[in-house]
Amino acid sequence: MSLSMADLFKRITSGVYVVGVAAGPQRNAFTAAWVMPVSFRPLMLALSINPKHSSFALLREGGVFSINVLRRDQLELAGRFGAPADTGKLSAVAWRTGKTGAPLLEDALARFECELAGECPTGDHVLALGRVVDGVLLQPDAEPLIYRETGDLDGASGLFPDGF
Ligand SMILES: Cc1cc2nc3c(=O)[nH]c(=O)nc-3n(C[C@H](O)[C@H](O)[C@H](O)COP(=O)(O)O)c2cc1C
């Protein structure tokens with residue numbers, strides 16, 4: 001367990017997102033913090049995803065994903081979508097299908113829709129590159145949830161090595 005390493009990496013400030021994926025009739029969504037913009041033209045975002053997640057197969061098969069930006073008061077949702085797929089995550093919230101087919105949360109600060117434009121292996125994760133094809137700022141005055149504020153919700157302290 002490396003609490004100090006997890007604490008160190010939480011100083012790289014990021015938000016907290018619910019990432020939606022879809023392939024055919026199947027939908028899933030999971031919480032992610034490792035998301036960042038990577039290009040202005042074309043507009044692109046990158047998402048680091050553990051290939052062991054159920055969502056990864058759907059991402060590969062469907063080739064689309066959504067990024068739903070969580071507000072500061074949505075920590076409970078971050079925990080819910082951090083659970084495995086068989087917990088019926090989407091059945092417990094209001095969502096709709098976006099133009100890419102990916103699920104969009106009705107209640108979010110903002111959202112983006114992306115088409116998978118490439119991927120790159122990154123150690124125990126895969127960096128998925130998304131071309132942004134749609135997006136909306138739903139609540140311009142709301143504060144985003146910051147990853148550091150989620151404590152050890154993702155269990156990262158048990159995943160980081162103890163040293164360099
Ligand atoms: C705050 C938080 C941040 C997370 N960030 C990521 C992330 O950036 N990438 C990732 O692959 N998993 C991340 N996870 C873990 C997944 O949300 C979790 O393993 C989930 O169960 C995967 O769902 P799935 O198996 O239904 O796809 C995070 C979890 C939490 C609670």
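The lining of the largest pocket splits into 24 nonpolar, 14 polar and 4 charged residues. Keep in mind that this is a predicted model.

**The pocket**

- The largest pocket holds about 1300 Å³ of space.
- A total of 42 residues line the largest pocket, and those closest to its centre are Trp34, His53, His125, Tyr147 and Asp154.
- Several elements give two or more residues each to this lining: on the strand side they are E2 (26-32), E3 (35-39), E4 (44-49) and E9 (125-137).
- Helices H2 (54-62) and H3 (75-80) also give two or more residues to the lining.

**The shell around the ligand**

- Around the ligand there are 23 residues, and Asn28, Thr31, Asn50, Ser55 and Lys89 are the closest.
- Sorted by class, that shell comes out as 11 nonpolar, 10 polar and 2 charged residues.
- E2, E4 and H2 each put at least two residues into the shell.
- E2 has the largest share of the shell, with 4 residues.
- E2, E4 and H2 turn up again from the pocket lining, where each gives two or more residues.

**Polar contacts and cover**

- Asparagine 28 uses its side chain: an N or O atom there is 2.8 Å from an oxygen atom of the ligand.
- Asparagine 50 works through its backbone instead, with an N or O atom lying 2.8 Å from a ligand oxygen atom.
- For lysine 89, an N or O atom of the side chain is 2.7 Å from an oxygen atom of the ligand.
- On its own the ligand has 650 Å² of accessible area, and the protein covers 90% of that.
- Asn28, Asn50 and Lys89 are also among the residues closest to the ligand.

**A cis peptide bond**

- Most peptide bonds are trans.
- Here, though, arginine 41 and proline 42 are joined by a cis peptide bond, with omega at about 0°.
- Where is proline 42 placed? Proline 42 is in the loop between E3 and E4.

Definitions and conventions: Residues numbered from 1 in each chain as written. Predicted model: local features only at pLDDT ≥ 70, side-chain atom pairs only at ≥ 80, totals over all residues. Heavy atoms only, no water. 1 Å grid on protein atoms, 1.4 Å probe; cavity = no way out; pocket = protein on both sides within 12 Å on 5 of 7 lines; lining within 4 Å. Points joined across faces, edges and corners; volume = space filled by probe spheres on them. Nonpolar A, V, L, I, M, F, W, Y, C, P; charged D, E, K, R; others polar. Near = heavy atom within 4 Å. Polar contact = N/O pair within 3.5 Å; in protein donor to acceptor, adjacent residues only side chain to side chain. Areas by Shrake-Rupley, 256 points an atom, 1.4 Å probe, with all protein chains shown as cover.
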